[in-house]
Amino acid sequence: MDFDITRLIFMIPALLFAVIIHELGHGIIAYRLGDPTPKVSGRLTFNPIPHIDPLGSIILPALLMLIKAPFIFGWAKPVPINPMNFKKLGYRKGMAVTAFAGPGINFVAAVFFGVIYQFLSSQSVLVGIVSTFGEGFFRSIVYPILIFLQYSVSINVILAIFNLIPIPPLDGGRILMSLLPPHLENKLEPLEQWGFFIVIILLAVGALNFLIIPPYIFFTSILLGS
């Protein structure tokens, strides 16, 4: 993902929006399944302040930008949930559905932004905008919107793919543990406390590139029409 300092203006809000709706997805589904914890904790809100995690929302994305990583991602503070309160689907199914909700809403957002991007960037629409409002309007209004839409698609796709990696405590790991037989789930539980260290090691050695970049290119090429 190429960027310069001026594009940070568009990338930062795109990233914050993506990580916030990711956690909102978890919280809303957990709440609908009978768990009041996300609402009681004040996390069912678009206000970014309760969601921002200093490491995942600020430091890590900044470091990835500094080292010119092939992709930028981050996370917000996890929404607290209590799966014992899941009354509709039960503990295991409820955990799987709640875990998938975060990446799921990122995919939905990527499709939404991609549709808008392809519409605005189509030749006929661009010609109509320039001829009606002038090139200055395109440069000052439409072009920045297109940059924001590009980042919104890219970041939401990356977050969805990254979080579906089947390593606890990532969402993919939680889904996997919820689908496995209980005795195998118990064996994987100790891995959860080391999960982020494993992810950091995989990121450092470049292994995550092989897991993230191919599907990232596939989805973004479709959604951005490139």
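The expected span here is 1.5 Å times one less than the number of residues, and helices are DSSP runs (H or I, at least four residues) numbered from the N terminus. The model is predicted, so local features need pLDDT of at least 70 and side-chain atom pairs count only at pLDDT 80 or more, while totals for chains, interfaces and linings use all residues. Residues are numbered from 1 along each chain as its sequence is written, and side-chain values use heavy atoms, without hydrogens and water.

**Backbone spots to look at**
- Pro168 and Pro169 are joined by a cis peptide bond with omega of about 10°.
- Pro169 sits in the loop between helix 6 and helix 7.

**Helix 4 with helix 6**
- The two axes (lines fitted to C-alpha atoms over the stretch in contact) come within 8 Å and cross at roughly 155°.
- That makes helix 4 roughly antiparallel to helix 6, a label for angles over 145 degrees between N-to-C directions.
- By class, their contact has 17 nonpolar, 7 polar and no charged residues; Ala, Val, Leu, Ile, Met, Phe, Trp, Tyr, Cys and Pro count as nonpolar, Asp, Glu, Lys and Arg as charged, and the others, Gly among them, as polar.

**The largest pocket**
- The largest pocket holds about 450 Å³ of space; a pocket is an open set of points on a 1 Å grid with protein on both sides within 12 Å along at least five of seven lines, and its volume is the space filled by 1.4 Å probe spheres set on the points.
- It is lined by 22 residues, and Glu23, Pro78, Pro169, Asp171 and Arg174 are the closest to its centre; lining residues have an atom within 4 Å of a point.
- Helix 1 (8–32), helix 4 (91–121), helix 6 (135–163) and helix 7 (171–179) each give two or more residues to this lining.
- Helix 1 supplies the largest share, 4 residues.
- The lining divides into 13 nonpolar, 5 polar and 4 charged residues.

Terms used: Axes fitted to C-alpha atoms, helices over the stretch in contact; angles between N-to-C directions. Parallel < 35°, antiparallel > 145°, perpendicular 65-115°, else oblique.
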